[in-house]
Amino acid sequence: PCERWITMWRRSIAGLGIVFAACSGPASTSSSPSSASSARSTASTTPVTAPHIQPRLDRPSMAYDAPRQQVILFGIPTGEAAVSQTWAWKNGRWTQLHPPTSPPPRTWAGMAYDGTTQTTVLFGGQSEASGAPMQDTWTWDGTTWSKATAASGPPATVGPQIADDPALGRLIMLIDTQPEGTKQLTETWAWDGRTWAQLQPLTNPPAPRFGGVMAYDNATRQIVLFGQIVFIVGPQVGQTDTATWTFDGRTWTSHASSVHPRGLEFGSMAYDAATSTLVHFGGGEAFDFFNDTWAWSGAGWKQLSPSNSPWIRDEPVVAYDAADRQILVYGGGVRTQVSGTTYYDTWSWDGLTWTLRQASASAASSDQLQAMVAAAGPHVAGQAASTGTIGVGAGDFAFASQPPRAPGGGCQA
């Protein structure tokens with residue numbers, strides 16, 4: 001089975017610091033989330049050569065900058081933790097920007113476009129220098145980043161969930177006050193363009209909420225929240241909230257259902273104006289990873305069946321590109337306790353299917369392929385020879401196209 005080969009690959013390369021994109025079979029057509037196995041990808045096997053200029057950011061943040069009609073990506077480049085980078089996606093390509101001022105390097109920051117002030121707002125994250133949660137607020141005006149001087153604000157937070165609520169005219173943010181503690185609480189905060197204010201809804205979603213996704217549903221005029229990290233050890237093991245929550249400006253409401261995306265942890269979600277639905281892609285649960293695409297209509301979830309999909313992953317970042325009327329997804333990966341694959345690819349959703357817009361990296365040289373063969377053995381060698389497209393980063397190999405599938409959907413021997 002595919003899972004056996006994936007396990008063997010992980011074990012064989014764990015000590016080498018080299019990681020590979022996993023082989024997978026056809027996507028599941030079931031709308032039930034009950035299966036514990038990873039969804040199998042339907043991604044194209046056609047190699048796509050990437051341009052030389054592209055972001056390679058680790059756990060970045062992304063949002064659409066409406067006045068300039070471009071998607072902004074912020075984060076730290078892999079292997080260069082001492083610097084921050086800002087990139088813009090426009091007209092089908094990435095361009096690195098060079099603002100005179102940037103937020104300190106971090107991962108897992110919350111970021112969203114603020115329609116009231118027409119700026120992009122970034123909050124919190126994990127400091128790359130110290131590993132500590134961060135508490136600062138920054139705004140992007142299309143030219144540079146500026147640190148906000150609010151007198152007070154939310155506590156330092158890793159992975160805050162933030163979305164613009166145009167009906168309220170404010171950004172709404174949900175945080176865990178103690179993301180790894182035993183007395184977790186969630187707090188709801190609002191940004192009015194100058195200051196943060198803690199809201200007091202009648203009900204707050206239960207903690208933990210780290211690893212969930214949140215977006216504004218234009219059709220229902222509500223904030224929608226789904227997912228959370230699933231603890232497999234410790235005092236919170238097995239405490240999983242699979243409900244979808246909505247916020248109407250006054251309180252949070254739970255919508256429980258047995259039909260929902262399987263990727264409870266670190267998925268991606270954005271509103272698709274073309275179909276008037278929220279679209280959820282990917283995510284994981286423990287060490288299972290998925291590439292399902294789901295739509296939230298306001299009444300419930302429905303699994304979609306696109307003809308093409310990105311391969312399995314969690315931690316992709318997402319934004320709706322209003323200029324192209326498509327959802328844009330960047331990066332993510334498949335990571336376990338012993339190995340992992342980081343993607344730097346870019347995909348778009350047009351309401352019907354996914355399209356690979358930019359691959360992880362450019363085509364591999366023959367020397368790189370031979371190095372991969374020597375490190376991984378004959379099984380992976382056959383895969384590499386067939387795809388011929390890998391990317392070399394900071395100690396990683398990442399397929400720029402999905403490894404081929406054997407007839408019937410199994411891994412190719």
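## Overall make-up

The predicted model contains 30 strands and three helices. The protein has 413 residues, and buried residues make up 55% of them.

Among contacts with a separation of 6 or more, 53% are between residues 24 or more positions apart. The protein has an accessible surface of about 16,500 Å². Carbon and sulfur atoms account for 51% of that surface.

Strand β3 covers residues 85–90, and strand β4 covers residues 93–97. The two strands run antiparallel and are joined by five bridges. In one of these pairings, W87 has Q96 in β4 as its bridge partner.

Together, β3 and β4 form a hairpin, with two residues between the strands. N91 lies in the turn and has a positive phi of about 55°.

## A four-stranded open sheet

Strands β19, β20, β23 and β24 form an open sheet, and their order across the sheet is β19-β20-β23-β24. The pairing is antiparallel. At the edges are β19 (268–272) and β24 (301–303), each of which pairs on one side only. From one strand to the next, the twist averages 25°.

Within this sheet, β23 spans residues 293–296 and is joined to β24 by three bridges. These two strands run antiparallel. Opposite Q303 in β24 stands W294.

S348 belongs to strand β27, which spans residues 340–349. In a regular strand, side chains alternate between the two faces of the sheet.

Is S348 buried or exposed? S348 is buried, because its relative accessible area is 2%, and the cut-off for buried is under 20%.

Which residues does S348 touch, leaving aside those up to four places away in sequence? Q326, I327 and L328 are among them. The list also includes T353, W354, T355 and R357. With R357 there is also a polar contact: the side chain of S348 meets the side chain of R357 at 3.4 Å.

## Summary

The predicted model has 30 strands and three helices. The strands described here include the β3 and β4 pair, which forms a hairpin, and four strands that form an open sheet. S348, in strand β27, is a buried residue whose side chain makes a polar contact with the side chain of R357.

Notes. Residues numbered from 1 in each chain as written. Predicted model: local features only at pLDDT ≥ 70, side-chain atom pairs only at ≥ 80, totals over all residues. Heavy atoms only, no water. Buried < 20%, exposed > 50% of the residue type's maximum accessible area, 1.4 Å probe, protein only. Polar contact = N/O pair within 3.5 Å; in protein donor to acceptor, adjacent residues only side chain to side chain. Contact = heavy atoms within 4.5 Å. Areas by Shrake-Rupley, 256 points an atom, 1.4 Å probe, with all protein chains shown as cover. Pairing = 2+ DSSP bridges. Axes fitted to C-alpha atoms, helices over the stretch in contact; angles between N-to-C directions.
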